[in-house]
Amino acid sequence: MGGVKVPIVHVYMWSGVSKEAKERIVKGITKVFEELGIPSHAVEVVIHEVPKENWGIGGELASEKFKEVKPP
């Protein structure tokens, strides 16, 4: 992009989030940068989906600690 600095935002989240929710996440993050004066075409968002059994919180697997939590 010819010397233009582009923000790249990495979002780590549990697997299973709907396409619609991902679209809202990408649009929302992009909007924050637009409000800072950065054009939307320069904003990149990468969503990394991690299975709950590969995510630990407080010494427990998220798959156990949050087994009742369903992604949007």
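The accessible surface of the protein chain amounts to about 5200 Å², and carbon and sulfur atoms account for 58% of that area (Shrake-Rupley method, 1.4 Å probe; for residues, only the protein chains shown count as cover). The model is predicted, with local features requiring pLDDT of at least 70 and side-chain atom pairs pLDDT 80 or more, whereas totals for chains, interfaces and linings use all residues. Residues are numbered from 1 along each chain as its sequence is written, and side-chain values use heavy atoms, with hydrogens and water left out.

The protein chain contains 2 helices and 4 strands, arranged from the N terminus as β-α-β-β-β-α (DSSP runs numbered from the N terminus; helices are H or I of at least four residues, strands E of at least two). Along the principal axes, the C-alpha atoms fill a box of roughly 45 × 25 × 15 Å. Of the 72 residues, 22% are buried (under 20% relative accessible area; exposed is over 50% and partly exposed in between, with a 1.4 Å probe and protein chains only). Of the contacts between residues at least 6 apart in sequence, 68% join residues at least 24 apart (contact: heavy atoms within 4.5 Å).

The whole structure holds 3 salt bridges (a side-chain nitrogen of Lys or Arg within 4 Å of a carboxyl oxygen of Asp or Glu). Lys22 pairs with Glu49, with 2.8 Å between the closest N and O atoms. Lys22 belongs to helix H1 and Glu49 to strand E2, so this pair ties together parts that are 27 residues apart in sequence. Lys22 is partly exposed at 23% relative accessibility, as is Glu49 at 36%. Glu23 and Lys19 form a salt bridge at 3.8 Å, N to O; these residues are 4 apart in helix H1 (residues 19-35), a separation of about one helical turn. Glu23 is partly exposed at 38%, and Lys19 is exposed at 59%. Glu64 and Lys67 meet at 3.2 Å, N to O, with relative accessibilities of 48% for Glu64 and 46% for Lys67.

Lys52 lies in the loop between strand E2 (44-50) and strand E3 (56-57). Lys52 is buried but has no salt bridge, the nearest side chain of opposite charge being Glu53, 8.1 Å away. Beyond residues up to four places away in sequence, Lys52 touches Trp14, Leu61, Ala62, Ser63, Phe66, Lys67 and Val69. Lys and Arg count as positive and Asp and Glu as negative, with His and the chain ends not counted.
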